Amino acid sequence: MSETFTRAEVAKHNTEDSVWFVVDSKVYDVTDFVDAHPGGESVLRQVAGQDATVAFYNLHRHEVLTKYEDLCIGTLENEKPQVITPKPGDLSTVPYAEPLWLAPAYKSPYYNESHRRLQKAMRVFTDTYITPEAQAREMDGKYISQDLVNRMAEKGLLHMRLGPGKHLHGVDLLDGAVKGEEFDYFHDLITSQEGVRANARGFQDGQLAGMVIGLPCVKNFMKDEKRKQAIMDEVFSGKKYMCLAITEAFAGSDVAGLRTTATKTPDGKHYIVNGTKKWITNGVFCDYFVTGVKTDKGLSVLLIERGEGVETKPIKTSYSAAAGTAYITFDNVKVPVENLLGEENKGIYVILSNFNHERWTMACATIRQCRTIVEECLKWSHQRLVFGKRLIEQPVIRQKLAKMIALTEANQAWLETITYQMCNMPYKQQSQYLGGPIGLLKMSITRAAHEIADESVQIFGGRGLTVTGMGRMVEMFHRTYKFDAILGGSEEVLADLGVRQAMKQMPNAKL
């Protein structure tokens, strides 16, 4: 692409047999492409011989130029491209597109150099490996490839997604970006937020989200240490997949209403499990099911292996089938009593044990997705021309953007405050003091997502309702943000939890 042309030379190529134009000082020869252009031949011929920069960015995302870079034959004489082409690992320079701690002008007491190394390494890994597959699978509905799982396992990503702990000690994490022994909840936050930048909500859950919420139950409650380590090694290596199977058609947030039963055999060596589970993330392709069941005097949790009597089938939801959402049937499934997690009839403690981390992780992800939508809207409002003006010049659009930015920054700040408490509280104190705040945080963030999704579609118009093209990220977010308002505890249940926990600490104070 070293050849240069004058604008006069480009202008000559506006004939039936030769179609050139300019986008951002780069010269494109589309003569042999006009018949294949998805938008039709006439659109290209209308700009033949001209600078089509404004027209192009009114219709296309910048990434289209990368896709068709082979059509670029040179640049304009004495001119250089002005539009930024991000490389894997780059930070965005769009205002509010990154959390403030990553902006050069701002400082934060929460993050050190190990956090910055991890952020850089995660950004490169996500941009290079996760995003391309995520975008493809989000569209075709296929499940995550073993190749990507193996790569994630090799780099320690599967270990990191369970948060801080001894399971990270001695593990090579992204080629030494951070030591497992120093990995804290801010590293965990970074892993969560960087990992969802692929902007493919169904694939995001299909990327072994079931492991994130299922494996901690095995890690913390399986009694047989040798078997526990073997299972964890299988899952961390990517050789086996795991999910959490609690929800039923009969019981969602009402865990006590479960109807799946586990009855002990007369010899006391096995449980016989019968029942169904619904909306189980990754259930279609999992090998292990951490399953909530009713035993004789209460709720228990069993680790059930895929085998005879276990049947899974996909459920169609409003996000991609790549999530592997399943309806599961257990028909006289024989489970060894050694697969009991925790104590019999006290499974509620097993289920509740990871709720705080699960909800906090979802909060991390949702606020990162909100930030991406803010960036999309800022870019679009600066390049979209309506009534002869850029959208950003309309006061009503600036008001919408102000609201979206304020909601995103306020919730990120609250998230970081709670994360700091998690770093400085042992598990028992986290359970005592943070269940309510984390529930309220998740509710606040999903309410913010509701507002941001609504405003973003108004800014993008019809493009915000179109699966492909300029508004594809906005359309995906608007269609899928509700998953985070339901999964892990609905907004209403978590809001009530937060207030009820505050009530327990309410003094005898009067107005």
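**View A. Phe-56 and its ring partner Tyr-57 in the predicted model.** Phe-56 is buried, with a relative accessible area of 11% (buried means under 20%, exposed over 50% and partly exposed in between, with a 1.4 Å probe and protein chains only). Tyr-57 is likewise buried, at 10%. The structure contains 16 aromatic pairs; rings of Phe, Tyr and Trp (its six-membered ring) pair if their centres lie within 6.5 Å, and planes under 30 degrees apart count as stacked, over 60 as edge-to-face and the rest as tilted. The ring centres of Phe-56 and Tyr-57 are 5.0 Å apart and their planes stand at 90 degrees, so this pair is edge-to-face.

The structure is a predicted model, in which local features need pLDDT of at least 70, side-chain atom pairs count only at pLDDT 80 or more, and totals for chains, interfaces and linings use all residues. Residues are numbered from 1 along each chain as its sequence is written, and side-chain values use heavy atoms, with hydrogens and water left out.

**View B. An aromatic cluster.** Trp-101, Tyr-110, Tyr-111, Phe-186 and Tyr-420 together make up one aromatic cluster.

**View C. The salt bridge between Arg-201 and Asp-484.** A salt bridge is a side-chain nitrogen of Lys or Arg within 4 Å of a carboxyl oxygen of Asp or Glu, and the structure holds 32 of them. In this one, the N to O distance is 2.8 Å. Arg-201 belongs to helix H9 (residues 201-206) and Asp-484 to helix H18 (residues 482-486), so the contact ties together parts 283 residues apart in sequence; helices (H or I, at least four residues) are DSSP runs, numbered from the N terminus. Arg-201 is buried at 3% relative accessible area, and Asp-484 is buried at 2%. Elsewhere, salt bridges with shared partners join Arg-61, Glu-63, Glu-376 and Arg-472 into one network.

**View D. The salt bridge between Asp-140 and Arg-137.** The side chains meet at 2.5 Å, N to O. Both residues lie in helix H5 (residues 113-140), three residues apart, and are therefore separated by about one helical turn. Asp-140 is partly exposed at 37% relative accessibility, whereas Arg-137 is buried at 18%.

**View E. Arginine charges over phenylalanine rings.** A charge sits over a ring if NZ of Lys or CZ of Arg is within 6 Å of the ring centre and within 35 degrees of the ring normal. Arg-259 lies over the face of Phe-250, 4.0 Å from the ring centre. The charged end of Arg-359 is placed over the ring of Phe-355, at 4.2 Å from its centre.

How values were computed:
Helices (H or I, at least four residues) and strands (E, at least two) are DSSP runs, numbered from the N terminus.
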